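Hi,

Here is the structure I said I would pass on. Have a look through it first, and my notes follow below.

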Amino acid sequence: MNSTSIKVKKFLSNRNTVTIICAIIGIIVLYVGYTMRIQSAVEPVSIPYAKVTIQPRMKITEEMIGYMNVATAALEEMGDNIITKKSDLIDYYTNINTMIPEGSLFYKKAVVKKSDLPDSAVYDVKDGEVLHYLTVNMSTSYVNAIVPGGYIDLYVKDTDQYGKARVGKFIKNIKVLAVKTSDGLNVFENSDEMRVPAYVMFAVTEEQHSYLVSAAQLGINVFPVPTSVSEKTIEEGAEKVITSAEITDYIDSESIRFEQILESNGNNNNESDEENNNTNEDPNNGTNGG
């Protein structure tokens, strides 16, 4: 036993032997490390790609996404611009002026949240509804009390044929989609500047939209009121309170009267033009010299 131990000590005390052993260990370590690195570089990673062409501003759904295997080294070469997780795509939108071709990978700059899209509120409009903009100012917006996500009622205020002031709730419980400045900026967007509201944007049915457009053309005063404001406050000073049905009947009658006036003016203009033409064509008209 002692002789064996002595032989081992002599073997290890030999510099040449130690050098050879260290060299062998080093080669083994390098080989193992190189092999692991190669395997890691060629190991496939599953990443999403577009199965179909996705147009700008389009919502990305799971049906649009396929998956392909890409070597890790190749993915690293692409940098951090590639989206590799499905969770970063589903229910996101393609950016404005950005089309993702069929078969393309998803790049981070091409995909945004809905809230990051300009006029993102348009995506909250349901089928059968129409976007409508109502002009407001700091006063009629209740000093910025009308906010996106809140609810408003639309009132109509005018005077009847006898000059009596009247007011009535036209459309109730409308969700506010956006509040914009005159430059089209979001009033409540994170910003250091104080922004003054100019338009309140919301969605209504096509019929309601038609009445609102007619009311604007006829000069009928339609104004928004936060649903938290008491109806009695709005009705103060009015000699008569009218219902929504009475308002629509009034707009219909005024629209008919307005069309009749236009038609009458058009006929009078045509008759006047005919008379002028006849006068110009009459050879006996005019002053003869002599």
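This is a predicted model: local features need pLDDT of at least 70, side-chain atom pairs count only at pLDDT 80 or more; totals for chains, interfaces and linings use all residues.

Residues are numbered from 1 along each chain as its sequence is written, and side-chain values use heavy atoms, leaving out hydrogens and water.

Searching the whole structure gives three aromatic pairs (rings of Phe, Tyr and Trp, the last by its six-membered ring, with centres within 6.5 Å; planes under 30 degrees apart are stacked, over 60 edge-to-face, the rest tilted). One of them joins Tyr133 and Tyr199 edge-to-face, at 6.3 Å between centres and 90° between planes. Tyr133 sits in strand S5 and Tyr199 in strand S8, 66 residues apart (strands are DSSP runs of E, at least two residues; helices are runs of H or I, at least four; both are numbered from the N terminus). Tyr133 is partly exposed because its relative accessibility is 40%.

Back to Phe170 and Tyr211: their ring centres are 6.4 Å apart with planes at 90°, so this pair is edge-to-face too. Phe170 belongs to strand S7 and Tyr211 to helix H4, so the pair ties together parts 41 residues apart in sequence.

In H4, Tyr211, Leu212, Ser214 and Ala215 are buried, while Glu206, Ala216 and Gln217 on the other side are exposed. Just after H4, Gly219 has a positive phi of about 75°.

Best wishes

Conventions. Buried means under 20% relative accessible area, exposed over 50%, partly exposed in between (1.4 Å probe, protein chains only).
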